[in-house]
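Please keep the sequence and the 3D view open while reading.

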Amino acid sequence: MKMRDSISKKQECKLFPNQRIIGRWHRHPYRIVRELGYGATGTVYLAESESGPVALKIARDSMSITSEVNVMRHFSKVQGPSLGPCFYDVDDYLTKDAVFPFYVMEYIQGESFLPFIRDRGAEWMGVLVVQLLNELYRLHQIGWVFGDLKPENLLVADSPYRVRWLDVGGMTRHGRSIKEYTEFFDRGYWGLGSRKAEPGYDLFSVSMLMINCAYPARFEKNGTPGIGHLMGKVRQKQLLAPYEAVILNGFQGKYQSALAMRTEMLNIIQDNSFNRKNKMNRAGSAKVATNRRAYRKNVTTAKEKHRWTGVYETMLIGTFLLILYILYLFGQ
Ligand SMILES: Nc1ncnc2c1ncn2[C@@H]1O[C@H](COP(=O)(O)OP(=O)(O)OP(=O)(O)O)[C@@H](O)[C@H]1O
């Protein structure tokens, strides 16, 4: 089992832009474009293959990526289109002094999860979590648990916006001990459950994922683990207010499945947008009423003005006629 909060890793095989590497066994050539990131097991590069861009992960030792390769192969066979990257190739890269195993997968072009929500608006959190729960449900149905669910392992791909997951290293079969986890998202760390792989483990992490959207810098346990501390944090953030009940149920393992959590999230999103629409309609009606009042006032003022103008005109004509009459009398 690996705990994933603090990764300090010496890069054992550094590849450079434009470097060409050829697999020792399958002889597929790849041209390195740039580094995408690195984790505990290896470094991931964007590379150009014979059939387009790919993500190439090169490892320190074969053991570390064997399990990732096995999981990716498994999902390529059983799952059809999934949130994870498709698996393409596994091979060794031979240098003068060493052999580095690597594997090649679909390059997922997208934005990081937290910055996406920060830049596009809070309502995206609900939408992306609903998508994620849908895919988690499919994963759980075939007997697997994601395990190391966190924003770093998610990307939001473009047109249409769709959440995808990256790191399959934490995927664990139901009933086993979670393979990899990150403290903040781990119910064991918060004293709220075991590290046994079951759907509830991932759903707890989904609740923490929402909290992470409101607390991008995360926070620590503060000595007293427990639901009170976490829910206190939830109540301090406006972003989380509509989802408070769902987050709590996720913590307490109340959902039978990811689908049940998804349904509740969807209801909240729909209610929220309905309320927002109503509010907008109410604001619209208030505006219409204000306009009507202003219109009436204008009409009344105009009428008053008109009346006074009439009186003034009558008096003027009357005076004029009177002067004419006096002149006539003088003439006589
Ligand atoms: N298929 C992919 N498409 C696009 N980017 C990717 C892909 N796979 C990984 N990345 C990028 O590379 C980074 C590192 O990936 P990696 O899987 O090594 O991360 P990790 O989960 O921290 O690693 P590890 O499992 O080795 O500890 C990711 O955070 C992501 O930005």
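1. Basis of the note. This is a predicted model, in which local features need pLDDT of at least 70 and side-chain atom pairs count only at pLDDT 80 or more, while totals for chains, interfaces and linings use all residues. Residues are numbered from 1 along each chain as its sequence is written.

2. Domains. The protein chain is assigned domain 1 (7-106) and domain 2 (110-273), with bounds that come from an automatic or database domain assignment. The C-alpha centres of domain 1 and domain 2 are 28 Å apart. Their contact involves 10 residues from domain 1 and nine residues from domain 2, where two residues are in contact if their C-beta atoms, placed from the backbone, lie within 7 Å. On the side of domain 1 that touches domain 2, five residues are nonpolar, four are polar and one is charged. In these classes, Ala, Val, Leu, Ile, Met, Phe, Trp, Tyr, Cys and Pro count as nonpolar, Asp, Glu, Lys and Arg as charged, and the others, Gly among them, as polar.

3. Ligand shell. The ligand is surrounded by 19 residues, of which Gly 37, Gly 39, Ala 40, Thr 41 and Ala 55 are the closest; a residue is near a molecule or strand if its C-beta atom, placed from the backbone, lies within 6 Å of it. Two or more residues of this shell come from each of strand S3 (29-38), strand S4 (42-49) and strand S7 (99-106). Strands (E, at least two residues) and helices (H or I, at least four) are DSSP runs, numbered from the N terminus. Strand S3 gives the most to the shell, with three residues. By class, the shell holds 10 nonpolar, six polar and three charged residues. Domain 1 and domain 2 each supply at least three residues to the shell.

4. Helices H3 and H4. Two packed helices are described by the angle between their axes and the distance between the axes. Helix H3 (residues 123-141) packs with helix H4, which spans residues 199-214, at an angle of about 165° and with the axes 11 Å apart. Axes are lines fitted to C-alpha atoms, for helices over the stretch in contact, and angles run from 0 to 180 degrees between N-to-C directions. H3 is therefore roughly antiparallel to H4, a term for angles over 145 degrees. Met 125, Val 129, Leu 132, Leu 133, Leu 136 and His 140 of H3 make the contact with Pro 199, Asp 202, Val 206, Met 210 and Cys 213 of H4. This contact has nine nonpolar, one polar and one charged residues.

5. Helices H4 and H6. The axes of H4 and H6 come within 7 Å and cross at roughly 140°. In H4, Leu 203, Phe 204, Val 206, Ser 207 and Met 210 meet Ile 247, Gly 250 and Phe 251 in H6. Six of the contact residues are nonpolar, two are polar and none is charged.

6. Helices H5 and H6. Helix H5 (residues 227-235) and helix H6 (residues 244-252) have axes that come within 11 Å and cross at roughly 160°. H5 and H6 are therefore roughly antiparallel to each other. Ile 227, Leu 230, Met 231 and Val 234 in H5 meet Glu 244, Ile 247, Leu 248 and Phe 251 in H6. The contact residues comprise seven nonpolar, no polar and one charged.

7. Local backbone. Which peptide bond is cis? The bond from Ser 159 to Pro 160 is cis, with omega near -10°, and Pro 160 lies in the loop between strand S10 (154-157) and strand S11 (162-165). Arg 27, although not a glycine, has a positive phi of about 60°. Arg 27 is located in the loop between strand S2 (20-22) and S3.

How values were computed
Parallel < 35°, antiparallel > 145°, perpendicular 65-115°, else oblique.
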